[in-house]
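Please look at the sequence and the structure together.

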Amino acid sequence: MTNPFDDPEGQFLVLVNDQGQQSLWPGGIDVPQGWKPAFGLSVRESCVEYIEVHANDASGGDSPGRAV
């Protein structure tokens, strides 16, 4: 079985926590406590693009607020 985090054909979510950190998360796996969906369900490329565009929103521009 392929690791769902590495599935090139998988569907993903972008999750965000209370600190504004973002994470790519495989669809179909329960969202961990403390995180909520911010984008998706979509292909990996679209989710990564979303994270790249919105990473500075949470950090005030100093450093990326992401956990990919």
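The model is predicted: local features require pLDDT of at least 70 and side-chain atom pairs count only at pLDDT 80 or more, while totals for chains, interfaces and linings use all residues. Residues are numbered from 1 along each chain as its sequence is written, and side-chain values use heavy atoms, with hydrogens and water left out.

In soluble globular proteins, nonpolar side chains tend to be buried together. A nonpolar core is here a set of buried Ala, Val, Leu, Ile, Met, Phe, Trp, Tyr and Cys residues joined through side-chain atoms within 4.5 Å. Buried means under 20% relative accessible area, exposed means over 50%, and partly exposed lies in between, for a 1.4 Å probe and protein chains only. The largest such core consists of six residues, namely F12, V14, L24, C47, Y50 and I51. Two or more of its residues come from each of β1 and α1, and α1 supplies the largest share, three residues. Helices (H or I, at least four residues) and strands (E, at least two) are DSSP runs, numbered from the N terminus.

The structure also holds two aromatic pairs. Rings of Phe, Tyr and Trp (its six-membered ring) pair if their centres lie within 6.5 Å; planes under 30 degrees apart count as stacked, over 60 as edge-to-face and the rest as tilted. F5 and W25 form an edge-to-face pair, with 5.2 Å centre to centre and 85 degrees between the planes. This pair links distant parts of the chain, since F5 lies in the segment before β1 (11–17) and W25 in strand β2 (residues 22–26), 20 residues apart. F5 is partly exposed because its relative accessible area is 34%, whereas W25, at 17%, counts as buried.

F39 and Y50 form a stacked pair, 4.7 Å centre to centre with 15 degrees between the planes. Here strand β3, which holds F39, is linked to helix α1 (residues 44–59), which holds Y50, across 11 residues. F39 has a relative accessible area of 28% and is therefore partly exposed; Y50, at 19%, is buried.

S42 lies in strand β3 (residues 35–43). S42 counts as buried because its relative accessibility is 17%. Leaving aside neighbours within four places in sequence, S42 is in contact (heavy atoms within 4.5 Å) with G10, Q11, F12 and C47.
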